[in-house]
Amino acid sequence: MTAAENVCYTLINVPMDSEPPSEISLKNDLEQSENYASNIESPEINDLSKDNLFGGEPGEERLSLGFILLLPLLILKKGDVKSKTEALKKVIIMILNGEKLPGLLMTIIRFVLPLQDHTIKKLLLVFWEIVPKTTPDGRLLHEMILVCDAYRKDLQHPNEFIRGSTLRFLCKLKEAELLEPLMPAIRACLEHRHSYVRRNAVLAIYTIYRNFEHLIPDAPELIHDFLVNEKDASCKRNAFMMLIHADQDRALDYLSTCIDQVQTFGDILQLVIVELIYKVCHANPSERARFIRCIYNLLQSSSPAVKYEAAGTLVTLSSAPTAIKAAAQCYIDLIIKESDNNVKLIVLDRLIELKEHPAHERVLQDLVMDILRVLSTPDLEVRKKTLQLALDLVSSRNVEELVIVLKKEVIKTNNVSEHEDTDKYRQLLVRTLHSCSVRFPDMAANVIPVLMEFLSDNNEAAAADVLEFVREAIQRFDNLRMLIVEKMLEVFHAIKSVKIYRGALWILGEYCSTKEDIQSVMTEIRRSLGEIPIVESEIKKEAGELKPEEEITVGPVQKLVTEMGTYATQSALSSSRPTKKEEDRPPLRGFLLDGDFFVAASLATTLTKIALRYVALVQEKKKQNSFVAEAMLLMATILHLGKSSLPKKPITDDDVDRISLCLKVLSECSPLMNDIFNKECRQSLSHMLSAKLEEEKLSQKKESEKRNVTVQPDDPISFMQLTAKNEMNCKEDQFQLSLLAAMGNTQRKEAADPLASKLNKVTQLTGFSDPVYAEAYVHVNQYDIVLDVLVVNQTSDTLQNCTLELATLGDLKLVEKPSPLTLAPHDFANIKANVKVASTENGIIFGNIVYDVSGAASDRNCVVLSDIHIDIMDYIQPATCTDAEFRQMWAEFEWENKVTVNTNMIDLNDYLQHILKSTNMKCLTPEKALSGYCGFMAANLYARSIFGEDALANVSIEKPIHQGPDAAVTGHIRIRAKSQGMALSLGDKINLSQKKTSI
């Protein structure tokens with residue numbers, strides 16, 4: 001059933017107690033209604049005095065079952081409107097709970113049906129819907145004739161609400177004998193003055209025609225004439241929807257007559273027209289030329305919903321570049337104009353789907369600049385998807401324009417007040433420009449000067465991305481090295497982060513190749529280090545900062561007015577001690593005094609490289625010795641500082657060893673050390689970048705292979721014009737698919753596999769010998785879990801108030817309590833329960849089924865259910881992140897779960913693949929790093945939940961060779977997550993699935 005076939009009803013909400021009426025509440029009702037009992041003609045009730053209504057000893061009075069059932073009837077007969085309303089609600093609850101109330105029908109007809117109160121009438125609609133209307137042999141009860149007459153009068157009532165609600169009620173009637181006398185009144189409602197009555201009359205005629213066509217055989221013609229003359233948008237929508245499903249030819253005839261006026265229709269009617277055009281063209285492709293112009297016009301509709309559906313329909317009906325361009329332009333306008341970020345993300349996904357089609361990609365490349373307009377949205381997720389889409393679509397034709405826009409966006413972020421999202425957005429822009437420059441080297445010269453200004457940014461993450469980009473650019477593009485070194489020297493003194501400072505030192509030491517550049521680097525280092533020797537200069541500063549004398553300052557004399565009106569003077573002399581102002585230290589000096597001597601080790605390496613290179617470039621021995629001596633002096637003064645008590649933290653032994661090694665290399669200046677420092681380091685970087693580029697190309701190749709449609713030589717060619725109508729049904733219906741997706745019933749290809757069918761998700765809750773058998777199908781749809789519980793009465797008794805009681809453990813929440821029901825002997829029923837999921841962790845649903853046995857005096861019976869375990873894997877999806885992001889998250893996440901490897905697998909790679917499959921995680925370690933065999937393996941894994949929670953894992957495994965070739969894999973898996981539940985749940989999942997089961 002499609003969306004249009006689901007007739008929309010107004011739900012009449014009746015306040016219902018969670019439990020059936022209690023004895024105490026019924027006693028109170030009795031006290032209020034005792035004065036009615038004397039005039040009741042019913043002998044059953046007249047025999048019930050207060051003395052015989054209660055049984056048991058004094059203080060243990062219990063209401064007899066007869067009175068519990070008859071008390072509402074008593075109030076319905078003699079109570080006022082308010083009492084009758086409450087009594088009618090209780091009657092409805094009793095009937096829903098399976099109670100049989102004798103003589104109830106005539107009581108309602110005589111004392112309640114004639115009332116004109118609107119609340120009573122609403123409740124009566126519910127009552128007539130649930131009450132049995134036929135005898136056990138299937139014949140209509142005679143009393144229903146009176147009910148039919150009452151509703152014929154309501155269909156002619158002057159109040160439009162009563163007419164309309166009655167018409168909606170008639171949509172639910174399944175008895176043709178009741179509907180037949182009402183047909184003239186229903187037809188007459190089509191001409192009522194109020195639109196509420198007319199549109200419900202159309203719905204009533206539609207459902208009656210669909211269920212009992214013989215009652216109104218001329219319904220399509222009647223509704224067509226009604227549609228031609230109708231002016232109200234909602235009435236026209238309902239009428240047109242009926243024609244679509246009842247008589248499609250008439251619907252097409254009507255659309256043909258007014259196809260030029262479609263843009264002036266209301267949005268609800270336009271949506272139905274879009275659905276009709278899609279279905280007609282889907283079933284009969286020859287009709288496309290007739291209606292595609294109408295779809296084009298609807299792209300200009302004022303309703304965003306209509307534009308969205310029209311664009312989606314246009315893409316499915318035509319693959320012409322003009323159609324794709326018009327639909328994509330419509331999507332882009334929707335993203336820009338809509339304020340809801342969820343809408344923006346959904347429409348962006350549709351654009352990304354368009355891009356996946358090879359034929360559409362070139363059309364979208366011309367719209368890259370329009371897509372970049374979406375960057376005006378402040379939401380980070382929208383910006384991230386937009387930049388990724390633009391990067392996928394960039395080509396040599398539009399890369400220059402793209403880079404100009406991105407440069408402007410980067411400059412804008414520098415002028416905006418610092419915010420977490422601003423920093424992350426800047427990172428995204430830097431990475432996008434990085435990718436553009438790698439793919440299109442001609443753009444690097446324009447990008448690098450702008451980005452290098454951000455090396456001095458307070459946001460270390462954005463500066464680190466810039467530094468990574470600069471490092472790759474200076475290695476790949478020889479012609480840009482001079483420019484990069486020049487810009488690096490300009491911003492070097494302004495760098496605030498020690499991590500960025502280390503990277504900048506390495507780049508300058510590695511790529512300064514001329515004598516002038518080397519001298520400039522040494523100058524910048526001396527400037528950043530300050531006065532040397534560091535220890536002596538710092539001690540002098542400490543001693544020279546104390547000034548004991550006070551300075552006297554003279555300020556202006558203030559005149560104050562006293563309460564008496566005279567002037568009072570205040571002394572203008574004020575004594576003040578000058579505040580102790582710390583002198584600004586040079587950046588490198590500040591890092592060292594803070595105890596960060598790792599930067600000193602980097603500095604020693606840089607000084608060694610440039611000194612060795614300077615010796616090779618300059619022939620004069622004096623200059624060579626002078627430069628080398630200056631470099632060694634800097635290293636020696638840093639070693640002296642590290643051993644002193646001035647830094648906050650002393651220098652580490654590793655850093656001492658590194659600086660000492662560099663001093664020894666400079667003192668000897670051997671050719672071997674020169675090759676290691678000035679050649680091998682750069683070769684290592686070159687190998688790393690080459691491997692990274694090769695990996696990116698491989699991943700892009702895999703993506704392109706997925707997108708390319710492979711056609712075998714012997715595949716049949718299908719001609720749309722020659723396709724039979726019954727063969728067209730096999731094609732996917734987009735409206736049906738979207739409806740199924742919204743309901744969480746997305747059809748998957750894996751469903752054809754018996755192991756992936758619904759039977760695999762059925763959980764048995766009770767035993768076969770229990771009086772009530774129950775089993776549940778657990779359907780997980782992102783944030784919702786739907787339990788479809790089958791309950792079977794295996795006894796020969798009627799089970800009343802059979803209730804499924806559920807409770808949850810973990811971050812699960814039961815949305816609503818399932819309603820009680822009555823089960824006949826050996827009967828069965830389905831009960832649905834919805835559970836909301838708030839976070840990614842293993843949850844448990846447990847509970848029981850309680851019921852009463854009809855006619856038994858015992859307490860309620862209870863059957864305990866087995867636990868239902870919710871699998872964490874339903875919420876975890878593979879994801880990717882950079883190495884820097886992985887390390888940052890690894891350092892930030894506080895919950896760690898260490899799992900010991902306990903498996904029967906003997907191959908390291910097989911074990912890793914098994915863990916990846918079991919946990920839905922993605923391996924971030926490149927395949928090249930994992931290839932080969934050396935007896936041990938280390939890999940980083942990453943996944944993200946649908947709730948945005950990150951999960952990290954580090955696999956460190958080895959194969960104990962000394963135990964023989966059949967020895968099992970050993971080692972540990974460390975899991976880190978932000979929440980404890982995520983870390984523990986993933987650990988439990990790995991523990992359960994470590995051992996490979998033999999088939």
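Let's start with cysteine 281, which is buried, its relative accessible area being 0% (buried means under 20% relative accessible area with a 1.4 Å probe, protein chains only). Cysteine 281 sits in helix H16, residues 267-283 (helices are DSSP runs of H or I, at least four residues, numbered from the N terminus). Beyond its neighbours within four places in sequence, cysteine 281 is in contact with Glu287, Arg288 and Leu317 (contact means heavy atoms within 4.5 Å). From C-alpha to C-alpha, 9.7 Å separates cysteine 281 from threonine 316, and the two are 35 residues apart in sequence.

## About the model

This is a predicted model, where local features need pLDDT of at least 70, side-chain atom pairs count only at pLDDT 80 or more, and totals for chains, interfaces and linings use all residues. Residues are numbered from 1 along each chain as its sequence is written, and side-chain values use heavy atoms, leaving out hydrogens and water.

## The nonpolar cores

The largest nonpolar core has 210 residues (a core is a set of buried Ala, Val, Leu, Ile, Met, Phe, Trp, Tyr and Cys residues joined through side-chain atoms within 4.5 Å). Among the residues with the most contacts inside this core are Phe127, Trp128 and Leu592. A second, separate core holds 31 residues, including Ala774 and Val835.

Setting aside neighbours within four places in sequence, phenylalanine 127 is in contact with residues including Val91, Leu104 and Ile108.

## A lysine in helix H20

Lysine 344 belongs to helix H20, residues 341-356. Leaving aside neighbours within four places in sequence, residues in contact with lysine 344 include Ile335, Ser339 and Val382.

Key: Buried < 20%, exposed > 50% of the residue type's maximum accessible area, 1.4 Å probe, protein only. Helix = DSSP H or I, 4+ residues; strand = E, 2+ residues; numbered from the N terminus.
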